Amino acid sequence: MKVLYFQSHPVYGATENYIYTLAQGLNKVDFNVGILYPDVQALQPFSKLNNVELLAVDSKYFTGNFIRNANSIGKDIRKFAPDIIHINDPSFLGVIAARLAGVKKVVITHHTPEVKAQYNWKGKLAKKLAYKLTDDFVFTSEYDKEIGVKLDNIPSAKSKVIAYGLDTNKFSQTQEQRNIIRKNIREKFQIPQNNIVIASAGRLVAQKAQSDLIKAANIVCSKHDNVTFVLVGKGSLRNQLETQIENQGLSEKFLLPGFVDNIEEFLCAVDIFTMSSLFEGLCYAVVEAAAMSVPVVATAVGGMRYSVADGETGFLVQPKNPEKLAERINFLIDNPDITQQMGEKGRTRFMKLFTLERMISETEALYCRLLQNNFQNLETLGINI
């Protein structure tokens, strides 16, 4: 079976990592895999994929008149001749190009359906047509599926929930190993060994609302002195956030280390993980924290309402409410036994819902189901598809 992944956005983030993981993880005995994407520097991580055919297309074809561009991209799709094209986030260009190329089945993973794009009448018509021509939609949480069905009128029968999955091998350190890594990380970043570390990870952009976390930190620090806040990530708002931290007198309480390699190791040094986002899909960072037995305080938006079991593996609060965010963080600081229990429950929930093996197997099953009619004769003959 030939599967082609379609990436239209010229940036690399969590959703791009999702499609990277799928392309790499599919069983290469049963699946011939390719990925089509704009030929831009930001998407160079795709070049590291093994046993995956790369179709880097001139980026000019991903902007402007999508009908005209769809015909050009369709030619590249026909060269690969996929049975299925799997589009990463809704792309009218991708759907039309796939249909012009004669692809049998089209799948879209809809990561953030709660973000309602503003279209003119032409855009609305294109969206309606593209969704009509899509065979199946994948959502990464039940909450996103509910929103997609409601806001985008996507038929529930054409929708499936497949949560993000992470490689459990990256999160399998023994407690002794974690303690050693914890000590080393804190020494590296000059964090006092006895401090409570509250961390957040993500691009420093308006969506993540780190300014709300800084406001919450001001409240937390007024009650607790032995705390260190860490904002992991890069982004356009770094200077603005640093100014806010300085103006609130929190420079000694914050670290902004930029991008951090091996986030699973860094999480060994973290006691509480938090996300203050205004909207999210199923946030990778939150799942990674749970995998490392770190309790989470996050805003109740998008897929975070699925990845965090409120009151069990952490707490959910309303967005734009730094006071409530601080209240929940303070509760965890004041109740270390509960904090540990929540972290352990988060790890258990991760192993049940968010493993790489589960994501890959459910995605492969979806592909086989979609092409069942096409391949049923082969299956009858005992040929593995």
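This is a predicted model: local features need pLDDT of at least 70, side-chain atom pairs count only at pLDDT 80 or more; totals for chains, interfaces and linings use all residues.
Residues are numbered from 1 along each chain as its sequence is written, and side-chain values use heavy atoms, with hydrogens and water left out.

Helices (H or I, at least four residues) and strands (E, at least two) are DSSP runs, numbered from the N terminus. In strand E6, residues 136-139, Asp 136 and Val 138 point one way and Phe 137 and Phe 139 the other, and all are buried, where buried means under 20% relative accessible area, exposed over 50%, and partly exposed in between (1.4 Å probe, protein chains only). Strands pair if DSSP finds at least two bridges between them; E6 pairs in the parallel sense with E5, residues 105-109, over three bridges, and Val 107 has Asp 136 as its bridge partner. Three bridges also join E6 to the parallel strand E7, residues 159-161.

A salt bridge is a side-chain nitrogen of Lys or Arg within 4 Å of a carboxyl oxygen of Asp or Glu, and by this rule the count comes to 14. Arg 182 forms one with Asp 271, at 2.9 Å from N to O, and these residues lie 89 residues apart, Arg 182 in helix H6 (residues 175-188) and Asp 271 in the loop between helix H9 (263-266) and strand E11 (272-275). Arg 186 also meets Asp 271 in a salt bridge, at 2.9 Å; Arg 186 counts as buried because its relative accessibility is 0%.
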